[in-house]
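Look through the sequence and the model first, then read on.

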Amino acid sequence: MAKTGVVEGDPLTVKEMELKRELQRLVKAILSQEEINVDAIDKTQQILLALKELKLKRRSSSFDLPFPEEFRCPLSKQLMRDPVMLASGQTYDRPVIQKWLKAGNRTCPQTQQVLSHTILTPNHLIRDMISQWCKNNGIQMPDSVQFLNDEGLTEADRDLFLSLLEKMSSTLSDQKVAARELRSLTKKMPSFRSLFGESADAIPQLVRPLSQSNSNVNPNLQEDIITTLLNLSIHDNNKKLVAETPKVIPLLVDALRSGTIETRSNAAAALFTLSALDSNKELIGKSGALKPLVELLDEGNPVAMKDVASALFSLCIIQDNKARAVRDGAVRAILKKIMSNVHVDELLAILAMLSNNQKAVEEMGDLGAVTCLLNIIRETSCARSKENCIAVLYTICYSDRTKWKTLRDEEKTYGTISQLAQNGTARAKRKANGILDRLNRAINLTHTA
């Protein structure tokens with residue numbers, strides 16, 4: 001007689017039967033009454049939770065049965081429910097080995113062998129053996145397709161992922177279908193983004209159609225691949241991997257210049273998200289990305305402006321990229337947009353960041369920044385924009401005496417700087433008072449002379 005895993009007179013079984021009878025009674029009561037019986041519904045929910053706990057207890061007690069050693073996960077020492085193989089050939093339970101890999105380990109726990117990749121391959125032979133053993137002992141095991149790991153991915157998701165990557169090396173038609181699907185999945189399922197971190201070959205496979213193309217790239221295919229890279233870069237664990245994968249940053253830089261406006265905008269957005277890491281800021285700066293970003297800013301397409309401004313701000317946090325941006329015409333392009341009242345607040349923040357670069361300050365003075373910034377301080381209600389304006393003016397004031405007359409005339413006519421010294425943010429007050437002190441000393445020296 002086959003084992004059922006349930007013994008007659010088992011306290012768990014008796015309790016389960018009692019709960020089910022009570023559940024039937026409550027459901028009949030709820031259905032027979034015209035008015036909603038809230039108490040009955042609450043009791044029903046409590047009984048359902050109790051039944052769930054009983055089922056979990058029975059499953060736990062079933063796993064206490066002795067089982068063959070080859071069914072035991074080497075790490076958890078428990079019965080494997082979803083056995084998978086590492087590149088080393090060793091088998092582990094999927095959620096356990098995933099936790100090991102997420103911790104940054106890139107070796108096999110048993111052999112200490114350095115892994116050539118982190119793809120987890122289902123061990124169907126062991127799983128079938130475990131399933132048969134469970135069946136013989138009355139233990140219900142989750143089906144492999146239904147099994148969810150700690151990130152909510154099924155085995156079917158992984159199979160789909162691998163098949164889509166294979167299609168990226170197929171015909172143009174297959175590539176377009178696969179790229180569109182990968183774009184959609186990496187947008188809708190944050191857990192799907194993590195799959196790209198499990199294999200060193202996944203991202204190269206994704207971008208292969210762009211990196212191998214010797215002619216004009218299909219614009220829809222390019223847009224889907226670039227947008228998928230953007231989706232991947234949002235995942236914190238992917239930022240370093242994506243940026244350091246050969247050809248990825250050069251492809252993003254190329255995309256800034258070509259393709260649909262959405263492609264160009266998403267390329268800028270991808271560079272922005274990747275630049276969250278300081279090491280990536282340097283990589284992106286050295287790749288020549290600042291110039292096409294400035295060019296895209298200068299074009300002024302409203303679809304791309306916010307992403308471009310965000311990317312420039314983040315990249316220019318490091319000094320080398322400030323110099324690159326100034327060399328590539330950032331000051332002129334930014335002032336042009338500010339004077340046209342386009343994304344003023346965001347662009348003022350970049351201008352203030354560039355103002356510790358001497359060449360940038362000289363260019364600001366030559367391009368009429370002083371008058372423009374004074375007008376903004378008078379007209380805007382944004383405290384942060386006022387602060388950025390006075391910070392730039394402070395730097396110009398200390399480096400170019402020829403602008404002092406404009407500042408004195410402004411102060412005499414409108415009292416703009418004095419008002420900011422009284423009512424601005426703490427930083428704005430310091431900068432405004434610094435300018436006033438400088439101007440007053442200059443006046444006193446003139447009178448003394």
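Buried means under 20% relative accessible area, exposed means over 50%, and partly exposed lies in between (1.4 Å probe, protein chains only). Serine 199 is buried, with a relative accessible area of 8%.

This is a predicted model: local features need pLDDT of at least 70, side-chain atom pairs count only at pLDDT 80 or more, and totals for chains, interfaces and linings use all residues. Residues are numbered from 1 along each chain as its sequence is written, and side-chain values use heavy atoms, with hydrogens and water left out.

**Serine 199 and helix α8**

Helices (H or I, at least four residues) and strands (E, at least two) are DSSP runs, numbered from the N terminus. Serine 199 sits in the loop between α7 (190-193) and α8 (202-211). What does serine 199 touch, leaving aside neighbours within four places in sequence? Serine 199 is in contact with Thr118 and Ile119, where contact means heavy atoms within 4.5 Å. Serine 116 is 83 residues away from serine 199 along the chain, yet their C-alpha atoms are separated by 8.8 Å.

Helix α8 is mostly covered, with seven of its ten residues buried. They are Ala202, Ile203, Gln205, Leu206, Val207, Pro209 and Leu210. These buried residues pack against five helices: α5 (155-167), α6 (172-188), α9 (219-234), α10 (239-244) and α11 (248-257).

**Nonpolar cores**

In soluble globular proteins, nonpolar side chains tend to be buried together. A nonpolar core here is a set of buried Ala, Val, Leu, Ile, Met, Phe, Trp, Tyr and Cys residues joined through side-chain atoms within 4.5 Å. The largest one has 95 residues, and Leu229 and Leu354 have the most contacts inside it. Helix α18 (residues 344-354) gives the largest share of this core, eight residues. Leucine 354 touches Cys316, Lys322, Ala325, Val326, Ala330, Val331, Ile334, Ala360 and Met364, not counting residues up to four places away in sequence. Another core lies apart from the largest one. That core has 18 residues, among them Phe67, Met80, Leu86 and Ile139.

**Helices α14 and α15**

Helix α14 and helix α15 (residues 302-315) pack at an angle of about 145°, with their axes 9 Å apart. Axes are lines fitted to C-alpha atoms, for helices over the stretch in contact, and angles run from 0 to 180 degrees between N-to-C directions. On the α14 side, Leu290, Leu293, Val294, Leu296 and Leu297 take part. They meet Ala304, Met305, Val308, Ala311, Leu312 and Leu315 in α15. The residues of this contact divide into eleven nonpolar, no polar and no charged. Ala, Val, Leu, Ile, Met, Phe, Trp, Tyr, Cys and Pro count as nonpolar, Asp, Glu, Lys and Arg as charged, and the others, Gly among them, as polar.

**Salt bridges**

How many salt bridges does the structure hold? There are 20. A salt bridge is a side-chain nitrogen of Lys or Arg within 4 Å of a carboxyl oxygen of Asp or Glu. Three of them are listed here.

| Pair | N to O distance |
|---|---|
| Lysine 291 and glutamate 295 | 3.8 Å |
| Glutamate 410 and arginine 378 | 2.6 Å |
| Lysine 403 and aspartate 400 | 2.9 Å |

Lysine 291 and glutamate 295 both lie in helix α14 (residues 290-299), four residues apart, about one turn of the helix. An α-helix has 3.6 residues a turn, so residues three or four places apart point the same way. Lysine 291 is partly exposed at 37% relative accessibility, and glutamate 295 is partly exposed at 34%.

The salt bridge of glutamate 410 and arginine 378 links distant parts of the chain, helix α22 (residues 404-414) and helix α20 (residues 369-379), with the partners 32 residues apart. Glutamate 410 is buried at 8%, whereas arginine 378 is partly exposed at 31%.

Lysine 403 and aspartate 400 are both buried. Lysine 403 lies in the loop between α21 (383-399) and α22, with a relative accessibility of 14%.

**Positive phi in two loops**

Most residues other than glycine have a negative phi, and most peptide bonds are trans. Lysine 247 has a positive phi, near 80°. This residue lies in the loop between α10 and α11 and is partly exposed at 48%. Asparagine 341 has a positive phi of about 60°. Asparagine 341 is in the loop between α17 (330-339) and α18 and is exposed, at 63% relative accessibility.
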